[in-house]
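Let's take a walk through a protein and look at its charged side chains. Have the sequence and the 3D view ready, and follow along.

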Amino acid sequence: MSARENILGRIRASLRRTDSDGAAARARARIDAHALSPRPSVKGDLAALFRTNAVKLLSTVAEVTHLCEVPATVAAYLRAHNLPMQAVCWPEIAALDWAASGVRMESRPARRSYDSDLVGVTGVFCAIAETGTMMMRSSGNTPPATSLLPETHIAVLNLSQIVPSMEEAWQRLRYTYGPGPFMPRAVNFVSGPSRTADIEQTLTLGAHGPYRVHIIMVAEGD
């Protein structure tokens, strides 16, 4: 039993509640009944809309049919931008056949160093078609450092993860992990490369994060 489960067990015992008292079902019902706020209608091809808006935010986008094509696509991107053929990634990405593509991949969080960990490869929790934004959740298997510290962030996105707007993104997060202590400690939104125009109103990329964001959109998993 983990420390968290131990603590939650003591809380349930003090409240005279059990795992079978229907609390989880009631929480799900409450989330399902929560009405989304009024917002512009987002219709049509969500993948096409997401791509259009992501490009407007200065991200670059590639499309593949299967997840197994990701390593070769990453390798081609690294060569095209004269980047080192090595990267760090989330554990969910590590199982792909990186050796065949010539990329040396390490499954660990990125470290802050001038001459290492220049490329980070991650998945996403979901993506928002209306804005071209990706939602990332923090956890032991999805460390934010991998998307925030490297100069180049490559995100692998399945088309099934695209939702119309911000409201649906939060609804998906609440339904998947909430409510209560199971929600992620942090949620980050990636809207293209890091940028600032604080100095003389001149746009500068990479001010406080990656100055390249490349999104690989996968039509279906393997």
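How many salt bridges does the structure hold? There are four of them. Keep in mind as you look around that this is a predicted model.

Start with Glu63, which pairs up with Arg51. Their closest N and O atoms sit 2.6 Å apart. This pair ties together distant parts of the chain: Glu63 belongs to strand β1 (residues 60–66), while Arg51 belongs to helix α3 (residues 46–56), and the two are twelve residues apart. How much of each partner is accessible? Glu63 counts as exposed because its relative accessibility is 53%, and the cut-off for that label is over 50%. Arg51 has a relative accessible area of 30%, so this residue is partly exposed.

Another partner is Asp117: here the two side chains meet in a salt bridge with an N to O distance of 2.8 Å.

Is Arg108 buried or exposed? Arg108 is buried, because its relative accessible area is 15% and buried means under 20%. Asp117 is buried as well. Glu106, on the other hand, is partly exposed, with a relative accessible area of 30%.

Arg104, Glu106, Arg108 and Asp117 are linked in a network of salt bridges.

Technical notes: Residues are numbered from 1 along each chain as its sequence is written. This is a predicted model: local features need pLDDT of at least 70, side-chain atom pairs count only at pLDDT 80 or more; totals for chains, interfaces and linings use all residues. Side-chain values use heavy atoms; hydrogens and water are left out. A salt bridge is a side-chain nitrogen of Lys or Arg within 4 Å of a carboxyl oxygen of Asp or Glu. Helices (H or I, at least four residues) and strands (E, at least two) are DSSP runs, numbered from the N terminus. Buried means under 20% relative accessible area, exposed over 50%, partly exposed in between (1.4 Å probe, protein chains only).
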